[in-house]
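Thanks for coming, everyone. Please keep the sequence in view as we go.

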Amino acid sequence: MRSVSIFGATGSVGEQTFDLLMRAGGPAAFDTVALTGGSNVMRLAEMARALRADIAVCADDSQLPALRTALSGTGIEVASGAGAIADAADRPADWVMSAIVGAAGLVPGLRALRHGRTLALANKESLVTAGTLLMQTAASHGARILPVDSEHSAIFQALNNEDIACVERIILTASGGALRDWPLASLATATVREAMAHPNWAMGQRITIDSASMFNKALEVIETREFFGVDPDQIEVILHPESLIHSMVGFRDGAIMAHMGAPDMRHSIGYALNWPTRAALPVARLDLAQVATLTFRAPDLARYPALRLCRDVMATRGLAGAAFNAAKELALDHFLAGGIGFMQMAGVVEDTLSQVSAELCQGNAVLTLEDILGMDHLARVRAGEVARRMTGSR
Ligand code: NDP
Ligand code: MG
């Protein structure tokens, strides 16, 4: 029986992974090793019972007593804290879902790779923050990373193991998020609730707002560069409001392979779960006559400064990805807390990148986890200072 673990089980991707495991037979079909969550321990305990996990771990230490009570008498072990989550990644599991949100997903993912596991990677922040380290760790330990982000799953499927040297361009599609049709001048006053109204995808709060600002797409451009090893100038972004083409690969003979399907993450999660075969999945089938029209347009960089900033990050390399992601996470925290406006998030990230520029170890420097976590911390401190200075200056 295949053994599995889910990191970030209580989130949007985690729930959909759980759904697929349960539909496939739950504990009769999978041996569940570890399930981890943040603070939603009631849901974590329900999932651990349903899948008969060996251990349930919450990030939030204050929730450990509640988790212990909820699982008492089941024989399921409990633990809490970032260290315990990372330790859970040392437990043997054939397939590990990395679906923690933010840079907190990096260390558990790395630990799983060091044991040669197959890592289904939803946590794009770990590739942005530590792409070289992650890919090298996978290669040197015989581990495999399977992309779960819908665009990267689409590219992986469209590539279909062809020689990457035959690829001319990779075209990432973007819905444009909740605010794509707002007048540019109104974006400054967009609220969290408004930025959360995503037209096509139901996702966690942070990625939904990142979709509206296109910071999500900026992360995905870097993720593409790190995962597929193509040059930055081979990666294009196109607005595709219908979200039915999940991304495309253009080959040197002029052919473009596009991956289509309903906007449902259970496709890319299920693809990674069943790879290298395909299993029937509970996703809606497209009725192309009903779809009738697919539209595309070039993104406006004045509206989406994140798309410009990710180009600078790729040109710099070194620790720029770690700084970019950390500053973005901090800027989003301040937007969620009401301190800064929607368009100020990009300003926080840009100012932070220039403040830490001397410490970015440009180029292909070999970076350790300590270097990366050090930059993650520094960029959060600097971004916090920048955001606090901006507060109230909307
Ligand atoms: P959610 O916010 O819905 O869920 C995040 C998960 O991480 C929850 O289980 C949460 O726990 C847990 N968590 C939060 N903070 C921490 C922490 N500090 N340490 C450990 N665990 C923590 O996120 P999504 O599911 O939307 O996204 C997960 C990842 O997948 C992100 O990297 C995102 O970019 C990526 N992704 C998501 C897609 C989607 O459709 N949602 C699509 C493509 C990529 P709890 O809720 O219990 O507090
Ligand atoms: Mg995506």
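Start with helix α7. Its buried residues are Ser-150, Glu-151, His-152, Ser-153, Ala-154, Ile-155, Phe-156, Gln-157, Ala-158 and Leu-159. That is 10 of the 10 residues of α7, so the helix is largely enclosed by the rest of the structure. A caution here: this is a predicted model.

What covers those buried residues? The cover includes four strands by name: β7 (144-147), β8 (167-174), β10 (245-251) and β11 (256-260). Helices α10 and α11 (265-274) are also part of the cover.

Now look at the two ends of α7. After the helix comes Asn-160, with a positive phi, near 50°.

Is Asp-149 buried or exposed? Its relative accessibility is 7%, so Asp-149 counts as buried. What does Asp-149 touch, once we set aside neighbours within four places in sequence? The contacts are Leu-121, Lys-124, Glu-220 and Glu-223. Hold on to Glu-220 for a moment.

Next, the metal. Which residues give the protein donors of the magnesium ion, ligand 2? They are Asp-149 through OD, Glu-151 through OE and Glu-220 through OE. These donors lie 2.1 to 2.2 Å from the ion. Along the sequence, the spacing of the donor residues reads D-x1-E-x68-E. Glu-151 sits in α7 (residues 150-159) and Glu-220 in α10 (residues 215-228), so this pair ties together parts 69 residues apart in sequence. Both of these glutamates, Glu-151 and Glu-220, are buried.

Let's move to another place: a helix pair. Two packed helices are described by the angle between their axes and the distance between the axes. Take α13 (residues 305-316) and α15 (residues 344-355). They pack at about 20°, and their axes are 10 Å apart. The cut-off for roughly parallel is an angle under 35 degrees. α13 and α15 are therefore roughly parallel to each other. Their crossing is left-handed.

Which residues meet there? From α13 come Pro-305, Arg-308, Leu-309 and Val-313. From α15 come Ala-346, Val-349, Glu-350 and Leu-353. By type, the contact has six nonpolar residues, two charged and no polar.

To recap: α7 is buried in 10 of its 10 residues. The magnesium ion has Asp-149, Glu-151 and Glu-220 as protein donors. And α13 packs roughly parallel to α15. Thanks, I'll take questions.

Note on methods
Residues numbered from 1 in each chain as written. Chains lettered and ligands numbered in written order. Predicted model: local features only at pLDDT ≥ 70, side-chain atom pairs only at ≥ 80, totals over all residues. Heavy atoms only, no water. Donors = N, O, S within 2.8 Å, 3.2 Å for Na, K, Ca; no water. Buried < 20%, exposed > 50% of the residue type's maximum accessible area, 1.4 Å probe, protein only. Axes fitted to C-alpha atoms, helices over the stretch in contact; angles between N-to-C directions. Parallel < 35°, antiparallel > 145°, perpendicular 65-115°, else oblique. Left-handed = near helix turned anticlockwise from the far one by under 90°. Contact = heavy atoms within 4.5 Å. Nonpolar A, V, L, I, M, F, W, Y, C, P; charged D, E, K, R; others polar.
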